[in-house]
Amino acid sequence: MMTSVDTDLIRVLADPLRLKIVNLLAHETLCTTHLVEETGAKQTNLSNHLRVLREAGVVETEPCGRFTYYRLRPDVIEALAGAFAELAATARATADRKRPC
């Protein structure tokens, strides 16, 4: 069963720019400058989206001099994928169940 944490996380990842950021971070740890180059987003807009991802626990930060690097937390993505897998398994197991009117 999907929890409120799962639905909140889905809402966070539903934004196209945040999803693009997550996809980029799945391949490598990047700083804000790299993410601006890759996404074409304005730095302030990107920083706001990164804050949302950080507060949701999807990414973690690593300070490096005057830069901040962002890393995807795969355990969070795996937990969400697990919730979807459970939902699919339930739907598969109950496909023949029909509530009478």
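Residues are numbered from 1 along each chain as its sequence is written, and side-chain values use heavy atoms, with hydrogens and water left out. Because the model is predicted, local features need pLDDT of at least 70 and side-chain atom pairs count only at pLDDT 80 or more, whereas totals for chains, interfaces and linings use all residues.

Helices (H or I, at least four residues) and strands (E, at least two) are DSSP runs, numbered from the N terminus. Two strands are taken to pair if DSSP finds at least two bridges between them. On this basis, 3 strands form an open sheet with antiparallel pairing, in the order E1-E3-E2. Strand E1 (30–31) and strand E2 (59–64) are the edge strands, each of which pairs on one side only. The antiparallel pairing of E1 with strand E3 (residues 67–72) comprises 2 bridges: Leu 30 has Tyr 70 as its bridge partner in E3, and Cys 31 stands opposite Tyr 69. E2 and E3, also antiparallel, are joined by 6 bridges. Opposite pairs in these strands include Val 59 with Leu 72 and Pro 63 with Thr 68. The hairpin of E2 and E3 has 2 residues between the strands, and Gly 65 in this hairpin takes a positive phi near 65 degrees.

Axes are lines fitted to C-alpha atoms, for helices over the stretch in contact, and angles run from 0 to 180 degrees between N-to-C directions. Helix H2 (residues 16–27) lies across E1, E2 and E3 and runs at about 90 degrees to E3. Helix H4 (residues 43–55) touches E2 and E3 as it packs on the sheet, and its direction makes about 115 degrees with that of E2.

H2 also meets helix H3 (residues 32–39); their axes come within 11 Å and cross at roughly 115 degrees. In this contact, Leu 17, Lys 20, Ile 21, Leu 24 and Leu 25 of H2 meet Leu 35, Glu 38 and Thr 39 of H3. By class, the contact has 5 nonpolar, 1 polar and 2 charged residues; Ala, Val, Leu, Ile, Met, Phe, Trp, Tyr, Cys and Pro count as nonpolar, Asp, Glu, Lys and Arg as charged, and the others, Gly among them, as polar.

Residues are called buried under 20% relative accessible area, exposed over 50%, and partly exposed in between (1.4 Å probe, protein chains only). Cys 31 is buried, with a relative accessible area of 3%. The structure holds 0 disulfides, a disulfide being a pair of cysteine sulfur atoms within 2.5 Å. Gly 40, in the loop between H3 and H4, is exposed, with a relative accessible area of 65%. Gly 40 and Leu 17 are 23 residues apart in sequence, and their C-alpha atoms are 10.0 Å apart in space.

Note on methods:
Contact = heavy atoms within 4.5 Å.
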